[in-house]
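Me: I would like to learn how to read a few features of a protein model. Please take them one at a time, with the general idea and then the case at hand.

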Amino acid sequence: MSEAATPFPLNFVLFWLRQHKRFARMYALCPTAVDFGKKWDELEHSVLRIMRLESIKPRQWDYNFSDIYALCVAVPEPYPEKLYDAVKKCLEMHVDGLYDVLAKAPPGDLLNEYNRLWNTFFGGTTYLHNLFGYLNKHHISGGFNLDEDYTYETEKKMEIGSLALHIWHEKLIKPNQQKIVDELLGAILADRKGQTTQQVDVVHGVIHSFVQVEEFGKEKIRNQNRIELTFNELNKGPDVQVYHTVFETKFLDATTEYYTQVASELLSRLKISEYMERVIKLIEEEDGRSRRYLHAASYSTVRKLCTELMVEKHKDCLNAECSHMVHNEQTADLRNMYQLMRVLPNGLSVMLKEFEGYVKKTGLEAIANLNGDNIPAQFVQNVLKVHTKFTKMVTDVFSDDGDFVGALDKALQSVVNDKEGGKTSRASERLSRYIDSLLRKSKNTVVETDLDTMLTNTIIIFRYIEDKDVFQKFYSKMLSSRLIHGVSQSMDAEESMIAKLKQACGYEFTSKLSRMFTDVGLSRDLTDRFNKNLETTNVKLDMQMNTLVLQAGAWPLQAPSSFTGEQSSSQAKNANHSAIPLVVVPPEFQTCVDHFEKFYSVSHNGRKLTWLYHMATVEVKLTYLDKPYTVTMSIQQLSIINCFASADSMTVAKIAEVTGITEDLLVKTLRTLIDANILSVPAKDDVRMETEVLLNLNMSSKRLKFKLPAPQLQKQVEKESEQVNNTVQQDRKYYMECTIVRIMKTRKVLKHTQLVNEVIEQTKARFTPDVNFIKKNIEALIEKMYIQRTDQNDEYQYLA
């Protein structure tokens, strides 16, 4: 085949076609000579049709777009400046014509006509801006910095959209501004009075035009079709300078005048409660009106203005009624007052003060003059009633406002920690005794679900107690009593209560309480091993013994002196004022004690056991009667019964000599045996040292198994409280010293005021220390040479 007949490769043909098309397009876009007059005549016709929102065929739109491009790149001289001036003149003539149309509108129809003309003009402006996109981009926007602040007075050329809106503003809004705004204010005033003179969309549209007239000021067109902006979008977009200048300022002035008059008129004829209801309604109505008519930038301004005119200016009148409303618990009125006053700076101060004072007054009245046998339960239940009542009030009336929650807590803290004329508050003791009554076995057993709820409620009061260390002492004493005597209603409930305390106050607060539970569990296992050891070694005891081995550091127990049967009672008499009763150990007990100590020392070498006989209980079988009775009694009661093992009668003095029990305790213990008919005396109410006591051989009881009550010592509760308070004071001293040393060890050098503040901050979880108490402990540590004063004034240094 010859070279001329050689075909082109296919890829070369495709490349040639692509290049051909490229050259064709480049030729079509090349600048050419243009007749401006002819092109503008065609464009002017289209511009006017667009501004009147009349239809244009797509082909004509394309031709117009091409003509604008051709004029901008024409040779030998392009016409962008001439085209811009022609468009400006055309728009000015068009707006002049619209001005004449608006001028002919009847007064009542001015807003309708303006809104109709504006909607058409703004829609046409959007399309026109798109049509002249090339002119805007290459010959206007590129000529100045878009980031600069834009004003209508600038000499720099505007884009076509901004130009059209600027002409509207200058030639139509400004000349008619007063008439339009008066019509708008009249329509809004009529709406406030419940009348309708204009349609909502018309008023909204006219006001909205003052915002839209700045639409093209800084931003590009965000939609190739007609732009429809919501208030929120506009608020994030252009400035609202025209809206503010033309309308908003005058609207706010009119609003001020109107609501100033309304507030004065309402106050003169309505009660404060009725006035507040009316004001809330008016503010809500005005807020809704703002959202129907105004721009989003005005919402908060209008609401704030209404609140200022009808609430803040008359807050003294409202606050004057606050005390009456609080003390009469007018919840609806208080809710309205809270709703109105909360938006004012420091507007709730009077309400908070009155509310806190009323809660405190109600609480103190609830716990005053408590009497009867169940004062702890009355105290807890009354405080909880006050708490529940006012918590509901805070929720329903004050919407759980943090300030009112704080005021409630502060008031109840004052109530709970009130000293009631004494030196110390009794809340810790009362709460501990109430919890003890719930967790201790009794005839009136509480259902488990109700028990958990009641225990949870006690934590509410516990959080208000300032002296939590006092509560801890009382609670641990009562817990130890329940665990030792096995009278806890439920071990699960005991553990649940400790978990609640731990959650409220931390691990350190409940560590000893948890160790008490551990000791009880270990003691059961130890007793089982002891009994198995007795079987293995073939040792038979006269009685079965269950022993609790308790850690001395965890249990709030005090060891008394003990006596064997051979010791004289004179030693016991010397301890007449001891808080712990002295005990004579029966010989039968001593044998069991010796075997247990021997067993315990094998596995726990070096530990010392201190026996708390006064806390022991004994099950005694009475075999001298017709029926076999089993009686649970204390070791003192057993010591007295043992005196009648060899005799049927004995004087009180002889019993005292044998048992070693003091006279006061002996008489009271005898009464428990006499009341149970185990012993008898000639006169129950007159038991003296010379009184003859007889063993009742004819005793009978409906129950074959019963328990003797412990003797009731006079002022036992008072002595226990005094003992706890003394212990707490000593513990606080040690705790305070440790806290001061810990702070100084960390900080090395510290000013006196800073040290006191840090001590208070670190100890407030346990108790509220007195400043003088802190100073005494600082002085004590200086004497012990833990810290020293520096050369600086009121400054301390830690000594390693």
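Me: What share of the contacts in the chain with a separation of 6 or more comes from residues 24 or more positions apart?

Reply: This is a predicted model. Residues 24 or more positions apart account for 71% of the contacts with a separation of 6 or more. The chain holds 31 helices and 11 strands, and 43% of its 800 residues are buried.

Me: How is the packing of helix α7 and helix α11 described, by what angle and what distance between axes?

Reply: Two packed helices are described by the angle between their axes and by the distance between those axes. Here α7 (residues 160-192) and α11 (residues 272-293) pack at about 145 degrees, their axes being 11 Å apart. The crossing of the two helices is right-handed.

Me: Which residues make the contact of α7 and α11?

Reply: From α7 come I188, D191 and R192, and from α11 come E286, R289, R292 and Y293. By class, the contact of α7 with α11 has 5 charged residues, 2 nonpolar and no polar.

Me: Which residues line the largest cavity?

Reply: The lining consists of P80, E81, Y84, L135, H139, I140 and K157. Two elements, α4 (80-103) and α6 (133-140), each give two or more residues to it. The classes in this lining are 4 nonpolar, 1 polar and 2 charged. As for volume, the largest cavity has about 40 Å³ of space, and the structure has 1 cavity of 30 Å³ or more.

Me: How many residues of helix α26 are buried?

Reply: The label rests on relative accessible area, with buried meaning under 20%. Helix α26 (residues 635-642) is mostly covered, with 7 of its 8 residues buried. The buried residues are I635, Q636, Q637, L638, S639, I640 and I641.

Me: Why is E312 called partly exposed?

Reply: The label "partly exposed" covers values between the cut-offs of 20% for buried and 50% for exposed. E312 is called partly exposed because its relative accessible area is 32%.

Me: Where is E312 placed, and with which residues is E312 in contact, leaving aside neighbours within four places in sequence?

Reply: E312 sits in the loop between α12 (299-310) and α13 (315-320). With neighbours within four places in sequence set aside, E312 is in contact with T307 and L344. For E312 and M341, the separation is 29 residues in sequence and 7.9 Å in space, C-alpha to C-alpha.

Technical notes
Residues numbered from 1 in each chain as written. Predicted model: local features only at pLDDT ≥ 70, side-chain atom pairs only at ≥ 80, totals over all residues. Heavy atoms only, no water. Axes fitted to C-alpha atoms, helices over the stretch in contact; angles between N-to-C directions. Helix = DSSP H or I, 4+ residues; strand = E, 2+ residues; numbered from the N terminus. Left-handed = near helix turned anticlockwise from the far one by under 90°. Contact = heavy atoms within 4.5 Å. Nonpolar A, V, L, I, M, F, W, Y, C, P; charged D, E, K, R; others polar. 1 Å grid on protein atoms, 1.4 Å probe; cavity = no way out; pocket = protein on both sides within 12 Å on 5 of 7 lines; lining within 4 Å. Points joined across faces, edges and corners; volume = space filled by probe spheres on them. Buried < 20%, exposed > 50% of the residue type's maximum accessible area, 1.4 Å probe, protein only.
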